[in-house]
Amino acid sequence: MGFWKLGFFGILFGAFLFSIDAVELRRNQPTERISGSAGDVLEDDPVGRLKVFVYELPSKYNKKILQKDPRCLAHMFAAEIFMHRFLLSSAVRTLNPEEADWFYTPVYTTCDLTPNGLPLPFKSPRMMRSAIQLISSNWPYWNRTEGADHFFVVPHDFGACFHYQEEKAIERGILPLLQRATLVQTFGQRNHVCLKDGSITIPPYAPPQKMHTHLIPDKTPRSIFVYFRGLFYDVGNDPEGGYYARGARAAVWENFKNNPLFDISTEHPTTYYEDMQRAVFCLCPLGWAPWSPRLVEAVVFGCIPVIIADDIVLPFADAIPWEEIGVFVDEQDVPKLDTILTSIPPEVILRKQRLLANPSMKQAMLFPQPAQAGDAFHQVLNGLARKLPHERSVFLKPGEKSLNWTAGPVGDLKPW
Amino acid sequence: MKLSTLQQSYINRRTNSFRGSTQLDSSTDGAVKSPATIFWLVLHGVCCLISLVLGFRFSRLVFFFLFSTSSNNIYTVPFNSDAGITIPVETQLNHINSLNRTAVVASRVVVGRHGIRIRPWPHPDPVEVMKAHGIIERVQKEQKALFGVKNPKTVIAVTPTYVRTFQALHLTGVMHSLMLVPYDLIWIVVEAGGVTNETASLIAKSGLRTIHVGFHQRMPNSWDARHKVESLMRLHALRIVRKERLDGVVMFADDSNMHNMELFDEIQNVKWIGAVSVGILLHSVDAAEISSLVQKEGEEDTMPMPVQGPACNGTDKLVGWHTFNSLRYSGKSAVYIDDRAPVLPRKLEWSGFVLNSRLLWKDVDDKPEWIKDLDALDGDGEEIENPLSLLKSTTVVEPLGSCGRHVLLWWLRVEARTDSKFPARWIIDPPLDITVPSKHTQWPDAPPELPSNDEKEKVFAGTEEQSNKHTTKTKTSRSRRSRSKRKHDTKVIGVQVSTHSEQTEI
């Protein structure tokens with residue numbers, strides 16, 4: 001009886017979401033489906049394929065932090081908050097932990113903001129430890145698997161390494177307590193300490209309503225060849241360049257500042273979104289970390305992303321064929337960027353634009369409120385569902401322990 | 001500069017000042033003073049002193065020599081003495097640490113300072129620029145095919161014209177606009193006073209499909225009569241459309257109007273008859289006059305430029321017309337073509353209307369019944385001011401350009417004096433031999449050899465002398481002609497544009 005109710009509710013929910021979707025992103029452009037198993041995966045419905053149990057943590061871990069600083073809802077790390085809200089009212093949520101496949105811990109580690117709005121990660125490891133101690137002592141499910149069927153959202157710069165500076169982050173490594181859990185993070189770089197095997201990479205949060213209010217008519221001709229707005233030299237921390245973005249952004253500036261095909265500058269124009277819709281290529285170079293919200297903006301506005309970040313792992317890489325949608329340029333090839341871009345045949349460019357115009361592509365990059373079918377929340381759930389069923393080794397035999405609760409820097413062990 | 005870097009370092013959280021302020025982070029560093037830390041402290045101090053002395057961060061040189069990468073050109077930013085002092089030297093120690101330790105197993109990405117790669121001659125390669133423009137064009141073509149007008153109709157442009165000084169100016173403007181139209185185009189040019197080679201040679205440069213016909217009347221001298229004759233000429237063109245059964249959208253491109261290219265995209269949407277907003281540019285030699293006229297009205301008309309066209313209500317339905325209010329200018333408007341007063345348009349101009357050419361055809365079944373037949377108008381009493389007279393009811397007109405909110409063309413009438421002359425086809429043939437600087441005014445105390453009293457006589461004499469002075473060729477059998485040419489140059493040139501052709505007499 002409960003199953004039928006759930007199924008009916010799920011169908012209703014899906015129909016409701018689909019109708020919203022039809023109104024939201026209507027496009028007349030014939031789009032190309034990303035063919036093959038990868039493309040259709042975007043439209044999978046996770047409802048019914050997994051069950052998630054949400055731990056009830058005291059509000060000091062989530063609500064109180066948000067009350068102290070509501071700016072957390074608008075910055076690019078807001079995914080952790082919206083994920084919590086989505087799961088609370090989602091169809092995959094179960095109130096019975098015995099039947100749950102995955103366990104979610106709602107702790108907002110990226111909400112301690114400076115006056116400027118940038119998050120300070122210094123207390124985050126302690127906060128995370130404290131949360132894990134709480135759930136391991138109040139519920140038996142953590143100790144059952146030592147976290148292997150738990151997932152955490154850590155959208156900060158270098159994920160669960162909890163530092164904004166790369167060297168420090170590498171030094172710290174991933175928090176030892178999380179070494180068996182699944183991490184949902186924005187950071188992704190191959191062969192990097194802070195990217196664990198089996199992590200799910202998500203896009204950074206970009207405000208969907210704001211982007212949709214800046215849409216311009218489709219027939220506006222795309223007349224800018226390459227577009228970029230942002231810093232080339234981080235004057236406050238690295239004025240001579242070479243350290244910020246591994247010198248790639250500075251190289252873009254020095255080589256192409258006089259090139260009329262490249263519309264690049266450090267200004268903050270009010271027509272930023274409109275300009276992206278008038279450009280053929282949008283540069284998405286790395287900054288202090290390899291990922292950036294520019295990728296989301298480029299996909300939503302139909303501008304082909306030019307990704308300049310060695311070894312980067314892009315969001316939902318197992319579901320979205322990024323090689324066919326964007327252009328990848330090695331950091332050492334930046335001086336030849338104009339040669340590379342002009343030598344792409346026009347048919348390839350038109351195909352990439354058709355793939356980008358696919359509404360399911362755009363939807364997969366966004367975190368809309370309320371959630372809609374095919375959006376980033378659902379892609380995360382799809383990713384989690386694809387990891388099911390759990391292997392036998394996930395469940396620990398009695399007496400087997402692998403987590404070291406005292407590992408890590410001394411400062412992390414202080415209670416929060 | 002220094003202040004700004006300080007500000008930046010305050011603002012940006014990723015500064016060492018922030019790091020220093022949090023005790024938690026410093027706890028990661030060892031509290032025990034080992035020989036290694038003492039060594040680093042000493043090195044730190046020495047580096048600071050050297051930097052102070054030299055005036056720049058010399059550590060960059062060290063890194064340049066130690067860790068230069070294999071690429072061809074490493075570019076080091078010019079040394080900044082300010083930056084060297086304000087930024088703590090701690091960072092360079094970190095660089096040493098990090099560069100000694102490569103990031104992770106088998107990763108080609110290394111943390112630390114990298115060189116900025118610049119290729120030797122970074123100017124854009126012209127072949128690549130052309131390829132990029134080709135790509136942009138292809139993308140825009142695709143966009144047009146996807147989002148633009150499906151099944152575009154032929155545009156039939158009707159232009160009444162006649163030969164006069166400014167004809168080349170106006171007609172070339174319209175011609176270039178029409179050449180840019182991305183749809184098929186038929187250009188019907190009706191010329192008052194019959195077909196002339198002058199107009200024909202102008203039109204031939206367009207490469208468009210043109211129908212050039214003559215009209216039996218000459219263009220009169222007063223604006224009123226001129227508007228009437230233009231209307232007759234346009235009707236003549238419409239009769240040609242009917243006779244030839246041309247299919248498409250008829251628009252009226254007067255030769256002195258200016259068109260927005262979006263107009264041609266917008267008129268593709270017309271079903272039977274449409275109206276667009278026309279901006280009226282009132283030209284007057286005395287600009288203060290116009291502005292005083294506008295200011296006098298005050299609140300009534302806040303628009304600086306009058307616009308004619310359809311008027312819509314809130315639900316985008318046609319409810320009326322914005323017409324030109326000529327009462328304000330009563331008494332101050334131009335009557336004759338060369339008057340120095342503003343030229344006024346009619347209440348509604350022809351150029352603001354577009355018609356489906358099938359409205360004009362004979363014997364077509366699906367023609368709506370509100371259109372009067374062109375043959376029925378064949379009479380001397382026809383006084384057609386605008387195409388609305390062809391309709392039995394004006395409510396069927398479709399407002400275009402987002403219900404008249406977009407002004408898609410501008411109406412202007414500027415003409416030279418009727419007696420002004422210009423070289424045929426604007427070609428000066430044969431070319432002038434001698435160019436002599438012209439003198440507008442006589443010097444009061446002119447020396448005797450320069451022309452003073454009797455202009456013409458002295459010019460004759462003067463030119464002879466000048467021909468001696470100038471070494472360009474003179475005394476040939478063509479001296480008489482050259483003399484007359486020179487005279488034209490030295491004659492006083494009036495304010496109005498008027499040039500003299502070679503054939504004029506003295």
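B:Cys48 is partly exposed, with a relative accessible area of 27%, whereas B:Cys47 is buried, at a relative accessible area of 11%. In this predicted model, B:Cys47 takes part in no disulfide, and the nearest cysteine sulfur to its own, that of B:Cys48, is 7.4 Å away. B:Cys48 is likewise in no disulfide.

| Pair | S to S distance | Torsion about the S-S bond |
|---|---|---|
| A:Cys161 and A:Cys194 | 1.9 Å | -115° |
| A:Cys282 and A:Cys303 | 2.1 Å | about 110° |
| B:Cys312 and B:Cys403 | 1.7 Å | about -90° |

The link of A:Cys161 and A:Cys194 is left-handed. A:Cys161 lies in the loop between strand E3 (150–153) and helix H7 (166–172) of chain A, while A:Cys194 lies in the loop between strand E4 (182–185) and strand E5 (200–201), so the pair ties together parts that are 33 residues apart in sequence. A:Cys161 counts as buried at 1% relative accessibility, and A:Cys194 counts as buried at 0%.

The disulfide of A:Cys282 and A:Cys303 is right-handed. This pair links A:Cys282, in strand E8 (residues 279–285) of chain A, to A:Cys303, in the loop between helix H11 (294–301) and strand E9 (304–308), 21 residues apart. Both A:Cys282 and A:Cys303 are buried.

In chain B, the disulfide of B:Cys312 and B:Cys403 is left-handed. B:Cys312 sits in strand E10 (residues 307–312) and B:Cys403 in helix H14 (residues 401–404), 91 residues apart. B:Cys312 counts as partly exposed at 24% relative accessibility, whereas B:Cys403 is buried, with a relative accessible area of 9%.

Methods
Residues numbered from 1 in each chain as written. Chains lettered and ligands numbered in written order. Predicted model: local features only at pLDDT ≥ 70, side-chain atom pairs only at ≥ 80, totals over all residues. Heavy atoms only, no water. Disulfide = S-S within 2.5 Å. Helix = DSSP H or I, 4+ residues; strand = E, 2+ residues; numbered from the N terminus. Buried < 20%, exposed > 50% of the residue type's maximum accessible area, 1.4 Å probe, protein only.
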